[in-house]
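The exercises below are meant to be worked with the model open beside the text. Please try each task before reading the solution that follows.

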Amino acid sequence: MLKTLNRICRVGIVTEAAPPADETLRLRDALQGKLRDILGRALCIRHVDAGSCNGCELEIHALNNPIYNIEGIGIRFVASPRHADMLLVTGPVSRHMEEALRRTYDATPDPKLVVAIGDCGCSGGIFGENYASAGRVANVIPVDVAVAGCPPVPERILAAILTAISSPANK
Amino acid sequence: MPLRRWIEQSLPLRCAAGARRIEATPDSWLACAQDVAAIGGRLLALWADGAGPVTVYAALIAEPTVLLLALEISEAAGTYPGLAELFPAAARMQRAAADLSGIRARDFDQRPWLRHAAWPDDYLPLHGQAQPATQLAGRTDQYRFVRVEGDGVHEIPVGPVHAGIIEPGHFRFSVVGEKVLKLEERLGYVHKGIEQRFAQLPAVEGHRLAARVSGDSAVAGSWAYCQAYEGLAQATIPARAAWLRALALESERIANHLGDLGALGNDAGFAFGLAQFSRLKEQWLRATAVALGQRYLFDFVVPGGVSVDRGDGLAQLAACADDIAAESSALRVIYDEHAGVRDRFVDAGTVTPALAAQLGLCGLAGRASGQAFDLRCDLAASPYDELTVRKVSRREGDVMARVAVRFDELQESLRLIGEIVRRIPGGEFRVVIPSPTQAGLGLGVVEGWRGPVFVALHITADGCIQRCHPHDPSWQNWPVLEHAIIGNIVPDFPLINKSFNLSYSGHDL
């Protein structure tokens, strides 16, 4: 126990400052003002892997490390879509996950936001559309913000989340 | 030696070290597999090729030899002898080959595996004549799970969407109270048509897709692909390029082990472990980005060498490796001495060495159950033939053993980073590869962090991919998880599952 406490003291707090929101990532403006009024800055996110290679998942995991510390800015990941304000979707949507993704979207109460992560989420990536892949997330459910990258670095994912919940610049 | 007669009738294959090909008949297909199984050899991969003469392939490994059996299937025969009794891991591979190419093994389990309900019964994605279709109507799915009957037996279905930030798959538990009587997996939810997509790419670009079969094994996948391609082109890469590839492979191993050790602590309720290891992993990823150009090396290994050489960043990588080695040593002591963590790790999810050998458990999980195989030692290709990698192995086969193997391999990889940076030769980091001039089949096999990552690449004379089969070691290990969980409680499943950390995407293709 002592060693544990010792290490906690020695390592200290290593959190960096969060990046600013990035207007270039915005796709849709629906619900923005309303969401900000209702939620302020706190947010619950449900992640869904709709067909990813698991690379984007690794960078989403990084958001929960002490350096990015997404919980420190009031954003956390939840276990059920029924608890969520936002869906974070990775991968091209594999046809075997289409139904599961739609049901997850439907189970998320309004108001809700969807952020598509990575080249695959934006455009189907190297996998594209075929008998097995429905392609980009927007082909299956409505998407508010999409961030490219293979995989996108955690700063970009964080900027995308913050963009989705912040009021648009022109309102 | 028992394999002598097979080696005598085989031909050497270009590319993967020690690889040889045998044109099999249905009888010799079985007989060779029997001989390999008898001496403790294992099945690396099994797949079918419906283009050209319909052929089923099995890659078997009995160090230092990789034997590729090629069995042409005549119209009259239609099916081939199944290998699942000799190599249990073959069962799902055979089912997948039937789903994608329509070629069936004569074996017990004929249920679809990768095929759910999203495409019509008569559509064969890898059949020689099939054109890729874009919109197909599905229908409801009726997968025949094995039911457990009895008083008080309940069924718990989990997934495909899971509660954490994790890939999708379905687990059907049969439980009494909290104790698991049986687990049946159903995978294939992230099947993206990768093998069909390969056939649309020029061979010189296939490494990009090979890297993205399983993102956590991007270096291993792309290196195995490049081994196959460079073998077919009969090209050798510069020494420095080989050493840089090894640096990338060990970097990938370190990142995965750091991530897993943190997650395993968290799954045992020790959030301190997750906080500390995820911090170290972030440090490592940043050092990797500075030294090798990307946090995750998806585009680092390319045909002819590597994509970037930042000579000056390598010393920093070695310094970071030393720091992390010291910190993770201290964390290991904390894990080992923490009563709560020990209580969860020890005797959970045990796979005995005997069961591991019978089922073909491979890679890291295999080494924790007495299956002491590591291609970096057993089939050492450049530069591993000049590095002495210490092989790590345990016999307890529980979560504690898989954690211990990770700690030991982490230290060894961190040490290797230092050694590679000190001894790496100068010279070019990439050469232009002349295009292969004839059709052919090449193999590549690399010890990824999870286990042997295998690629078979069949190209045409004009540089197109006829068939590429990328194989993640998760194929061998997923079925073993169904055994490891028996007798454990359901709340220990996330811990036991994470201790294997198998790839869904790498498996589903």
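A residue is called buried when its relative accessible area is under 20%, exposed when that area is over 50%, and partly exposed in between, with a 1.4 Å probe and protein chains only. The model is a predicted one, in which local features need pLDDT of at least 70 and side-chain atom pairs count only at pLDDT 80 or more, whereas totals for chains, interfaces and linings use all residues. Residues are numbered from 1 along each chain as its sequence is written, chains are lettered from A and ligands numbered from 1 in the order in which they are written, and side-chain values use heavy atoms, with hydrogens and water left out.

**Exercise 1. Salt bridges and their cover**

Task: Find the salt bridge of Arg95(A) and Glu98(A), and decide whether each partner is buried or exposed.

Solution. Begin with the criterion, which is a side-chain nitrogen of Lys or Arg within 4 Å of a carboxyl oxygen of Asp or Glu. The side chains of Arg95(A) and Glu98(A) meet it with an N to O distance of 3.5 Å. Next, take the accessibilities: Arg95(A) counts as buried because its relative accessibility is 11%, and Glu98(A), at 16%, counts as buried as well.

Task: Which parts of chain B are linked by the salt bridge between Arg212(B) and Asp299(B)?

Solution. The closest N and O atoms of Arg212(B) and Asp299(B) are 3.1 Å apart. Arg212(B) sits in the loop between helix H5 (206-211) and helix H6 (218-232), while Asp299(B) sits in the loop between helix H8 (271-292) and strand S11 (301-302), so that distant parts of the chain, 87 residues apart, are linked. Helices (H or I, at least four residues) and strands (E, at least two) are here DSSP runs, numbered from the N terminus. For the cover, Arg212(B) has 6% relative accessibility and counts as buried, whereas Asp299(B), at 27%, counts as partly exposed.

For a further case, turn to Glu230(B) and Arg245(B), whose closest N and O atoms are 2.7 Å apart. Over all chains, the structure holds 41 salt bridges, and a network of them links Glu16(A), Glu59(A), Glu282(B), Arg286(B) and Arg295(B).

**Exercise 2. Aromatic pairs**

Task: Work out why the pair of Tyr131(A) and Trp119(B) is edge-to-face.

Solution. Rings of Phe, Tyr and Trp (its six-membered ring) pair if their centres lie within 6.5 Å, and planes under 30 degrees apart count as stacked, over 60 as edge-to-face and the rest as tilted. A search of the whole structure finds 19 such aromatic pairs over all chains. The rings of Tyr131(A) and Trp119(B) have centres 5.0 Å apart and planes at 90°, so this pair is edge-to-face. The pair crosses between chains, from the loop between helix H5 (118-123) and strand S5 (145-147) of chain A to the loop between strand S7 (104-106) and strand S8 (153-158) of chain B. Tyr131(A) counts as buried at 1% relative accessibility, and Trp119(B) counts as buried at 1%.

The rings of Phe171(B) and Phe493(B), with centres 4.9 Å apart and planes at 65°, are likewise edge-to-face. Phe171(B) lies in strand S9 (residues 170-176) and Phe493(B) in helix H16 (residues 493-500) of chain B, so the pair ties together parts 322 residues apart in sequence. Phe171(B) and Phe493(B) are buried.

**Exercise 3. A sheet in chain B**

Task: In what order do the three strands of the open sheet in chain B run?

Solution. The order is S13-S14-S15, with antiparallel pairing, where two strands pair if DSSP finds at least two bridges between them. Strand S13 (440-447) and S15 are the edge strands, since each pairs on one side only. Strand S14 (residues 452-459) and S15 of chain B pair over six bridges. Finally, S15 (residues 465-471) of chain B is mostly covered, with six of its seven residues buried.
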